[in-house]
Structures are given as C-alpha cells and as structure tokens.
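Visitor: I have a structure open here and would like to talk it through. Could we begin with how its parts touch?

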Amino acid sequence: MSVITFKEVTKIYYRDFWRRRPVKALDSFSLEVERGSCFAFLGLNGAGKSTAIRVLLGFTRPAGGYASILCPPDTAHPLTGVGFLAENIGLPFHVSPEFFLGSVGRLAGLTSSRAARRTAEILEFVGLSGVRGRVKDLSRGMRQRLGLAQALIHDPDLLILDEPFTGLDIAGRREIIDRLRELHRQGKTIFFSSHILEDVARLATRVGIIHQGRSLGVFGAEELGSRPDDFFLEKIGRMAAVPPGKDERLR
Amino acid sequence: MNQVRIIAAVSIRDIVGRRLFLVVFAGILLLLLAGLLVAPLDLGEPHKLFYDLGFSFLAFFLLLFVLLEGGRQVAGGRENGGFYWLLARPVRRWQVMVGIFVGLALLAGACLVLLGGVFVLLLALAGVPVQASLFIPLAFLYLKYLLLLSLVMALGTGVSLFSTIFFSLGLFVIGHGTAMLPVVAAKSGAAARFSALALYHLLPDFSAFQLASAGLHQQLPPPAVLGKLAVYGLGYLGVLLCLGCWRFARVDLD
C-alpha cells in the first residue's frame with residue numbers, strides 16, 4: 001500500500017516579481033512510496049527533492065497534480081502520524097532543547113507528562129542527553145540531531161527527512177543511520193533525501209531518482225551495487241552525456 | 001486553543017532568551033531612571049518634561065519590540081524556515097499567527113506593566129500626583145502598539161523582513177498624519193480629494209491613541225469617546241489579524 005503518492009505534480013517558480021521568468025522545479029512528477037519501506041530520494045542539487053517534499057507536506061501549492069500522505073481514517077489532521085526534518089530547519093534559538101521538544105510533543109498531541117517522558121527518551125536516542133544550554137549554543141551537528149529528535153518526539157509512523165545527514169561527521173552519520181535502521185525495523189516508513197550515496201546504500205531499501213523535476217524511476221537498493229555513484233550518474237544520463245575525451249579537455 | 005497557547009509560550013520563551021531584548025529592556029529602564037535627573041526642570045509646567053520623556057521611552061520600547069520581534073517571528077520565520085517544524089504538526093496556519101500574536105501581545109503587556117510601574121513610581125518620587133487618569137493613556141499606548149503589531153504581522157506574511165520593517169515604519173509614521181487628510185481633501189481638487197478621503201478611511205489613525213498630555217492635565221475625552229476609540233483600535237487590529245491569517249494560510253513557504 002502506498003503511504004506517499006505524487007501524481008503528475010508540477011511546480012513552477014518565478015525568478016522575478018513580475019512572474020516573467022518561470023522555472024519548472026517539478027515537471028509532471030509522479031512517485032509512490034510503499035508502507036514500511038526505507039525510501040531514499042536521490043537527485044542533484046536543484047533537481048526538485050526539497051520542493052517535492054514541501055509540496056507533499058502542504059507548505060507550498062503545486063501548479064498541477066497532487067501529492068498526498070495516507071493517514072489512518074480516525075486522524076483529525078493528515079500530519080498527525082508524520083515526523084518531518086527540513087534541510088534548513090529554523091529552530092527557535094533561544095530556548096532549551098528540552099523546552100523545545102516538550103512544546104513540539106504537546107503540539108503533536110502528547111500530554112505534558114508524556115511529552116516530558118518522550119523528551120528524555122528521545123534526547124537519549126539521538127545522543128543529546130545531558131546537553132545543557134540553549135539551542136543556539138549547540139553545534140551544527142547537534143542541531144541536526146535535535147531536528148531529528150523533534151521529528152521523532154511523537155513516535156510517528158512515517159518519517160520524512162530532507163538531507164538528515166547534513167552537518168554530521170562520519171561517526172555521527174553512522175550513529176544516525178543505525179538509529180534510523182532501528183526505527184525501520186520497528187515498522188516505520190522512512191522517506192529521506194540525501195546526497196551521500198554511501199549512506200543511501202547502507203540505509204535504503206528502495207531508491208527513487210529525480211532529475212530536472214522529473215522522476216527517473218524507482219529501484220531496489222541492491223541495484224546500487226558496489227559503485228552507487230556510477231549507478232546514479234548513469235541513471236541521470238551524466239555518464240553518457242560526457243563524451244570520450246571531454247574529461248581530458250576539462251583537466 | 002491548546003495549540004495557540006503552546007505557540008505563544010514558545011514565542012515568549014524565544015524572545016525572553018534573546019540578549020538583544022534584555023539589553024533594550026534594561027536600556028529603557030535606565031533611561032526612565034535617568035529621567036529623574038531632568039525631573040526638577042520646569043518648562044512652564046512642573047515635571048512636564050519628565051512625564052513626556054517617560055512616555056516617549058515607553059513608546060520607543062514598544063516600537064522597537066513590535067517592529068523587531070513581530071517582523072522576526074513572521075517574515076523572519078518565513079525566510080529562515082522557522083515555520084517548518086510548526087506546520088509539520090497538526091497545527092492550522094491561523095493558529096500559528098494567532099499564537100505568535102498572543103505571545104507577543106502578552107510579553108509586550110508584561111513589559112509595559114513593569115516599565116510603566118517603574119515610571120509611575122518615579123513620577124510619585126518626583127512629586128507628581130499619581131491618579132487613575134495616568135493609566136488610561138498607558139492602556140491606549142498599549143492598544144496603539146498592538147495595532148502596529150497586527151500590521152507588522154500582516155505585512156510579514158507577504159514580504160521580506162527588511163521590507164516588513166520598512167513599510168510598517170512608513171505606515172506608522174503616515175498613520176500619525178491620517179487625521180489631517182480630511183483637511184487636505186477639503187482644500188484639494190476632485191481627484192486629490194477622493195484619494196485623500198480614501199486614504200483617510202483606509203489607513204489606521206495612530207495619532208488618536210496619543211493621550212499622554214490629556215492624561216497629565218486630567219483632560220481625557222469622555223468615556224464614550226474613549227470607548228469608541230477602543231472599539232476602533234480593537235476592530236482595526238482584528239481586521240488586520242484576520243487579513244494576516246488569511247494571507248498566511250495561502251502563502252507558499254518555499
């Protein structure tokens with residue numbers, strides 16, 4: 001069963017105020033993500049990954065088509081069971097991580113006592129337990145972990161993560177991948193975008209590729225093989241687009 | 001209602017944790033204390049200078065607070081992705097706007113109570129008789145800046161942080177001359193008259209809320225006029241807040 005559906009989604013941005021220079025960020029983009037999968041969403045910079053996620057979550061409206069999240073019939077709001085981490089998440093800088101997570105938990109429908117318990121659990125889970133001070137005092141990597149924590153605070157069934165490994169060092173990336181694997185084993189559906197193909201190969205069960213706003217298909221993670229970079233470049237046509245000898249001239 | 005309360009609490013905690021806010025608050029407090037130095041100066045009326053300065057300092061604090069924090073919370077939030085973590089929850093967009101407004105309004109009110117309390121105390125120390133008529137101008141000062149806050153937030157849903165502050169300040173300054181527009185209309189040609197009257201009915205009249213001198217001289221307008229002024233302020237504020245919510249519900253957060 002598909003938990004995320006994009007159907008012929010088109011999104012157009014305009015480069016100037018007078019709407020004279022349109023740019024198609026998504027061009028009849030279609031994709032389906034199965035429940036229980038760990039789905040990696042791949043694409044070059046500007047391919048339309050973040051735009052697709054923003055359309056999916058209702059942050060921005062498409063010019064055509066639709067994107068939807070399947071939610072249980074008894075939920076009052078479509079995002080009740082969704083956890084989201086944005087690529088550039090603007091956290092409130094001048095509050096403590098505990099206060100922030102507690103507030104997010106209560107916004108997601110947890111009681112105050114449950115939110116406090118989950119805050120302690122989730123800070124431990126993302127490796128931030130014992131951290132003191134305010135959000136602004138945290139390092140880039142720690143803020144990314146806090147961003148992940150706020151996505152997980154209400155124990156959602158579906159995780160949507162836009163570049164979750166940004167700002168993390170190698171050890172941090174590995175630790176977060178292990179955590180996400182653990183969540184996937186628990187039955188969560190994870191939909192994430194990433195540039196780091198090594199991490200994608202380690203974590204994903206399915207891979208979807210977007211290029212210039214269009215879907216290039218969905219593949220099994222095993223198809224990435226031992227050289228995921230080559231697989232990806234071949235799919236977006238970059239391998240074929242570089243004529244023989246071009247590398248030499250560039251050099 | 002719960003969502004609004006939580007968002008208001010986050011806004012308040014985020015602002016109170018800012019060093020800039022504390023510095024400005026402490027600075028205004030010092031200015032109020034420093035006003036005692038000029039209290040003995042008599043410019044025709046005893047303590048008039050100290051009284052006017054105190055009101056100006058309170059108004060200056062509210063102006064800075066409303067422009068900077070109102071702009072940062074809405075326009076700044078749109079620019080730096082500050083709404084993503086909020087809107088990825090079961091939260092309606094109008095709840096975000098109302099929550100931010102309530103948070104800022106409560107904090108501005110609390111600051112005004114503290115600073116206003118210090119001001120009234122200093123007035124009493126300077127020998128000015130403290131009467132109930134002093135508190136009415138303070139209440140209308142608060143209403144005036146809540147009106148500006150709703151304007152800042154409504155503008156912040158559509159333009160950048162810089163433009164929000166720039167245009168809000170511009171409208172605030174122009175809004176102090178709104179009462180003059182009928183006079184301009186009476187002396188103008190048909191087209192200019194129409195424009196002046198249209199602007200008169202469209203723009204908020206901020207000057208109507210300036211009751212400081214009237215309060216000092218115990219010459220406040222009658223309660224019926226004050227009531228109409230309060231209804232005007234709250235009504236205009238409500239319209240702007242609804243406009244802001246309506247706009248924010250439709251804006252693309254790219």
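Guide: Two residues are in contact if their C-beta atoms, placed from the backbone, lie within 7 Å. Please note that this is a predicted model.

Visitor: How many residues of chain A are in contact with chain B, then?

Guide: On chain A there are 28 such residues, and they are in contact with 22 residues of chain B.

Visitor: Which elements give two or more residues to that side of chain A?

Guide: They are strand 5 (82-85) and helix 2 (97-107) of chain A. Helix 2 of chain A gives the most, with five residues.

Visitor: And what is that side of chain A like by class?

Guide: The side of chain A that touches chain B has 15 nonpolar, nine polar and four charged residues.

Visitor: Changing topic: what is the strand order in the open sheet of chain A?

Guide: The order of its three strands is 2-1-4, with antiparallel pairing. Strand 2 (22-34) and strand 4 (64-69) of chain A each have a single partner strand, so one side of each is left without a neighbour in the sheet. On average, neighbouring strands are turned by 20° against each other, direction ignored.

Visitor: How many bridges join strand 1 and strand 2 of chain A?

Guide: Strand 1 (residues 2-14) pairs with strand 2 of chain A over nine bridges, in the antiparallel sense. Within strand 2 of chain A, Leu31(A) is the bridge partner of Phe6(A).

Notes. Residues are numbered from 1 along each chain as its sequence is written. Chains are lettered from A and ligands numbered from 1 in the order in which they are written. This is a predicted model: local features need pLDDT of at least 70, side-chain atom pairs count only at pLDDT 80 or more; totals for chains, interfaces and linings use all residues. Two strands pair if DSSP finds at least two bridges between them. Helices (H or I, at least four residues) and strands (E, at least two) are DSSP runs, numbered from the N terminus. Axes are lines fitted to C-alpha atoms, for helices over the stretch in contact, and angles run from 0 to 180 degrees between N-to-C directions. Ala, Val, Leu, Ile, Met, Phe, Trp, Tyr, Cys and Pro count as nonpolar, Asp, Glu, Lys and Arg as charged, and the others, Gly among them, as polar.
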